[in-house]
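Trainee: I am new to this structure and would like to learn how to read it. Could we go through a few features in turn?

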Amino acid sequence: MNFFKIYSLFPVFIQNILCSIKGYKLERERYGGEYKELFESLKKSDDWNEDEIIKYKEQQISQILKYAYEHTKFYRRFFDQYGVKPEDFKCLNDLSKFPILTKELVRENWEDMISDEFKRKDLIAYHTSGSTGKALDFFWTKHSLRYYWAVVWRGRDRFGVKKGDLHINFTGKIVVPISQTKPPYWRYNRPLNQYMLNMQHITKEKIKDIVEFINSKKARFFVGYPSIIHSFAMLVEETGLTIKNPPLYIFSSAEKMYDFQREIIERVFKGVKIIEHYGFSENAASASKNTEGLYQVDYELGHMELKKSIIHDGLSTGEILATGFQNLGMPFIRYEIGDTATFISSYIISDIEGRNGDFVITPEGAKVMRFGYIFKCTKDIKECQIAQKKEDEMIVRAVLRQGADISGLENDIRAAVKEWISPTIKVIFEYVDAIPRTKAGKFKAVVSELP
């Protein structure tokens, strides 16, 4: 019998204790050791000018290139194969001399990417299936874990939110057994002062109890996947309930917040400010929204550059490559993440798109990633996903509102697709009760199911 099956057998108050025990472990791992020192140093570097930022990044890149070459079998072999040495790096532009690290290379060489200065038992193991479903193994160090959380809280501190403030976490992880049919549909983690609510209980039958719970608390902020918070907001709106104690902020991560999600969330949680954080499990770089609503690259954590950037109206758009500074246990250098970004300056980003593998290929050969604007003509869709199985067609997988005018909806969307996407692509509609999530509970707006 696994741990969760045993956990499920205990009464709620014991489950809360077990959640808090886990919370104490997380508190030590994330916020122990040098965490406070790291956080304070990040608050100071937040005010650096561009010259200071560039100088810092050049120092860090030079150091990580030298370290990786001297302490990992993979990078010594990789750099030699491409005829480059760490000393070839003199300034930021020189980084383009070094080869690009792909996910496939990580899968094939992850053991040789581990530094010879670390024992495996001293590293923190991570495993992800990734967007393609192929396994990816990698490691963090204790230092890089604490640095990451210092970066997260530096971003929240910009808005006056402090560690220890009461908050609610909308999570894909099961903390309340799915079989539970009576409230409470939430559990409390005392060390992090956090209530946890898993997505499996966000249903029409349970929404009233959850709303009453939220209204009984004064949570300063929410955290979670945009798709889970959006699903909750939709049910609140549909059932005519009211959130009387909305949070001041919603900090979202792991997924992009789409306009259709933002509109409903802001209607339901009146006055809330939605703050997006961009990061990825390999932790080689991240970006946090600032008070101007733009992504500010967390340059202390790692460097972001663009592969094959396109310049338009003074902005640079391209695929992100990341070079991490803080994880010496398993360095990631010029790592091809699979996302695209539009840069305003060397460390300010206006927008970040989803995985570049998630696009629709039109019969004309175009790769289309964004489809939100074709749904502005209709209010009959609660939630939608675009999928593709054949190159000459796209599937509109939709959850409809009650009383939807299906014929009018399909005509409007086909007309919009013809105007904005492709004049020849075939549009197929699939109506479902719910959009499937990934194993990690993430919502994907575009899914390529091409062979």
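Trainee: Which residue in strand 19 is the bridge partner of E393?

Mentor: First, the general idea: strands of a sheet pair through backbone hydrogen bonds, either parallel or antiparallel. In this predicted model, K426 of strand 19 is the bridge partner of E393. Strand 18, residues 393-400, pairs with strand 19 in the parallel sense, over six bridges.

Trainee: In what order do the four strands of the open sheet lie?

Mentor: The order is 19-18-17-20, and the pairing is mixed. Strand 19 (426-431) and strand 20 (446-448) each have a single partner strand, so one side of each has no neighbour in the sheet. On average, neighbouring strands here are turned by 25° against each other, with direction ignored.

Trainee: Which strands does helix 11 lie across?

Mentor: Helix 11, residues 406-420, lies across strand 17 (381-388), strand 18 and strand 19. Its angle to strand 19 is about 145°.

Trainee: Is C19 buried or exposed?

Mentor: The cut-off for buried is under 20% relative accessible area. C19 has 8% relative accessibility and therefore counts as buried. C384 also counts as buried, because its value is 10%. As for disulfides, the count is zero.

Trainee: Where is confidence lowest and where is it highest?

Mentor: The mean pLDDT of the chain is 90, and 94% of its residues reach 70 or more. Confidence is lowest in strand 16 (residues 367-368), at a mean of 68, and highest in helix 5 (residues 73-81), at 98. Over residues 129-134, pLDDT stays under 50, and the model has eight contacts beyond four places in sequence for them.

How values were computed: Residues numbered from 1 in each chain as written. Predicted model: local features only at pLDDT ≥ 70, side-chain atom pairs only at ≥ 80, totals over all residues. Heavy atoms only, no water. pLDDT = per-residue confidence, 0-100. Helix = DSSP H or I, 4+ residues; strand = E, 2+ residues; numbered from the N terminus. Contact = heavy atoms within 4.5 Å. Disulfide = S-S within 2.5 Å. Buried < 20%, exposed > 50% of the residue type's maximum accessible area, 1.4 Å probe, protein only. Pairing = 2+ DSSP bridges. Axes fitted to C-alpha atoms, helices over the stretch in contact; angles between N-to-C directions.
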